Amino acid sequence: MSMKKKSMALASLVMAGMMALSACGSSTNTSSGSTGTSSGNGTTEIKATAAGKSPAAAQARKDTLVVGVADMNGIWSDVFTDSTFDNYANELMFDDLIRATPDGQPEANAATYKISSDGLTYTFTLKDGIKYWDGKPATASDIEFLCEVMADPNYDGQEDISTADIQGFDAYKNGSATSISGIKVVDDKTIQFTLTTPNATTLWTLGQLPLMEKAYYGAGFKKGNVKTVEDKLAQPMGTGQYKFASYDPSTGLKLTANDSYFKGAPKIKNVELSVTAQGQELQRVKAGEVDMEADATCSEDNVASLKQAGFINAYYYPINAYGMIQWNLQDPKYNDARVRQALAYALDRAAVVKQVYGQYAKVSNVPLPMGSWGYSTDGTNSYAFSIDKAKALLKEAGWTINSSTQKLEKDGKPFVIDFTAKSGNAVTDAMLPVMKEDYAKLGIDVNIENADFSTMLKGYNAGKLDACFMGQTLTTPDPDTSMLFMTSGTQNFYKYSNKDLDALYQQELRATDNTKRKAIFVKINKVLNSELPELPIYQRNMIVLYNARVQNVAAMGTFRDPFLDIYQYTLKN
């Protein structure tokens with residue numbers, strides 16, 4: 001469900017969560033009166049055949065597009081929020097320097113860019129006519145300001161631009177320098193970054209910085225006092241296609257068109273983001289309550305139902321994310337990789353995936369989206385369901401069954417899992433009964449505690465949950481996950497550490513040739529598949545539903561969601 005280059009976004013792997021994909025996006029659907037057309041990038045389009053059936057409730061909205069999302073935390077800046085859902089809104093309100101094409105290639109957005117032949121200098125030049133909502137022009141100094149905020153020792157957002165290897169970044173952060181020597185504002189529109197060493201991920205790290213006005217967010221800001229910036233987040237100031245109007249957690253977010261938008265004034269006057277309860281995405285579109293659902297459940301029942309409705313268009317495609325179970329690696333019972341492997345063998349993941357998604361998801365054994373060029377299964381274990389293998393591994397790890405209680409124990413302490421789950425999540429609703437039954441065969445009790453997503457996210461980020469189900473979203477097409485699994489990773493909340501893996505990450509970050517990097521990712525994937533610091537569950541397809549009255553919908557796919565181009569959309573009533 002969020003983030004920019006050096007971060008992963010978390011989502012509650014509710015149907016609207018960000019998980020990833022299956023290859024079913026390559027198929028063609030011709031049943032139930034609608035056709036499915038596949039594109040070359042794995043995206044399948046399902047076209048409405050009876051637009052006139054659009055419900056009156058939708059037709060009555062003449063100048064407003066209502067979009068359903070799974071959740072919002074109300075943090076309007078993608079360098080501070082850790083929620084994918086907030087970033088859907090941020091994509092409407094802020095402009096990044098570069099963005100991804102549907103097939104994952106970088107393209108100029110608010111700025112053009114050049115990279116020197118030695119890979120050490122990155123130059124971004126802002127395009128003409130970019131203005132903040134207050135009428136002030138965007139400048140290179142705004143970009144420099146944001147970098148200084150993110151280099152502040154008290155900055156606690158999950159974006160980590162230190163990994164871009166900007167010259168002088170560490171010296172500024174630790175206080176031995178008063179400026180970042182590797183950042184140079186050339187003129188009002190041009191900024192130059194000099195690196196200490198070539199870095200494979202720097203273009204995405206820097207290119208996906210959002211434009212945030214220094215005069216607005218920087219008022220009163222001094223190094224060490226990031227709170228002055230954070231205090232402005234609830235009332236954002238952007239350059240984006242839509243301007244902030246109001247936000248109420250109970251009703252949602254309201255935006256109004258930015259008529260001065262540098263790409264052209266939006267065709268639809270108002271956009272509203274409304275929170276949709278888990279599993280109600282298709283129903284809300286069918287009822288006309290919303291015009292678009294950003295991430296409904298891509299299941300066989302839903303695909304058949306939307307086709308039958310006749311007035312709903314859809315795109316589905318592999319999502320740049322995956323679903324996983326996180327164990328608390330600080331708890332001694334999870335320390336041994338053999339225990340984590342046993343928990344993988346003993347959970348019938350294939351049955352869960354089939355029950356929830358049918359053909360529209362696949363069991364995953366590597367913590368990386370299947371659509372990523374860094375994904376590989378060479379030399380990996382599928383962990384096909386086997387209680388016997390799980391029992392053998394637990395025995396090797398020193399766990400035995402207490403003959404009087406029939407519970408699994410070690411040093412007199414029973415193996416108990418306290419699993420935190422989001423109530424009403426169709427995935428965990430299906431998975432947890434299977435887990436309880438399967439793990440009971442090992443002598444393991446599973447206790448379930450329900451919590452809302454915000455509470456889960458706080459517990460996860462604090463590294464305090466014993467076990468939970470989440471979605472990890474890569475926010476760029478680059479497959480680097482060092483922030484999650486390196487010893488010093490900024491999102492390595494459960495303190496996983498493997499020196500051999502650290503060395504592999506250092507190699508892939510320095511190897512700017514992606515052919516060489518791909519070979520290194522094969523090794524990284526093998527380590528993560530064996531060590532299982534988190535247990536991948538599946539990759540799924542994302543499906544975007546929209547009423548046929550919404551027209552001029554731009555191309556979307558694994559690396560480009562519908563929010564980036566809403567300014568082009570029109571409404572036909």
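Colleague: Which residues in H17 do Leu 501, Leu 504, Tyr 505, Gln 507 and Glu 508 in H16 meet?

Modeller: This is a predicted model, where local features need pLDDT of at least 70 and side-chain atom pairs pLDDT 80 or more, while totals for chains, interfaces and linings use all residues. Residues are numbered from 1 along each chain as its sequence is written, and side-chain values use heavy atoms, leaving out hydrogens and water. Helices (H or I, at least four residues) and strands (E, at least two) are DSSP runs numbered from the N terminus, and contact means heavy atoms within 4.5 Å. Those H16 residues meet Arg 517, Ile 520, Phe 521, Lys 523, Ile 524, Val 527 and Leu 528.

Colleague: Are H16 and H17 roughly parallel or roughly antiparallel?

Modeller: Axes are lines fitted to C-alpha atoms over the stretch in contact, with angles from 0 to 180 degrees between N-to-C directions. H16 (residues 499-510) and H17 (residues 514-531) pack at about 160°, their axes 9 Å apart. Angles over 145 degrees count as roughly antiparallel, so the two helices are roughly antiparallel.

Colleague: Which residue in E20 is the bridge partner of Lys 410?

Modeller: Strand E19 (residues 408-410) and E20 run antiparallel, joined by two bridges; strands pair if DSSP finds at least two. The partner of Lys 410 is Lys 413.

Colleague: Which residue forms a salt bridge with Asp 165?

Modeller: A salt bridge puts a side-chain nitrogen of Lys or Arg within 4 Å of a carboxyl oxygen of Asp or Glu. Here the N to O distance is 2.9 Å, and the partner is Arg 510.

Technical notes: Angles under 35 degrees count as roughly parallel, over 145 as roughly antiparallel, 65 to 115 as roughly perpendicular and the rest as oblique.
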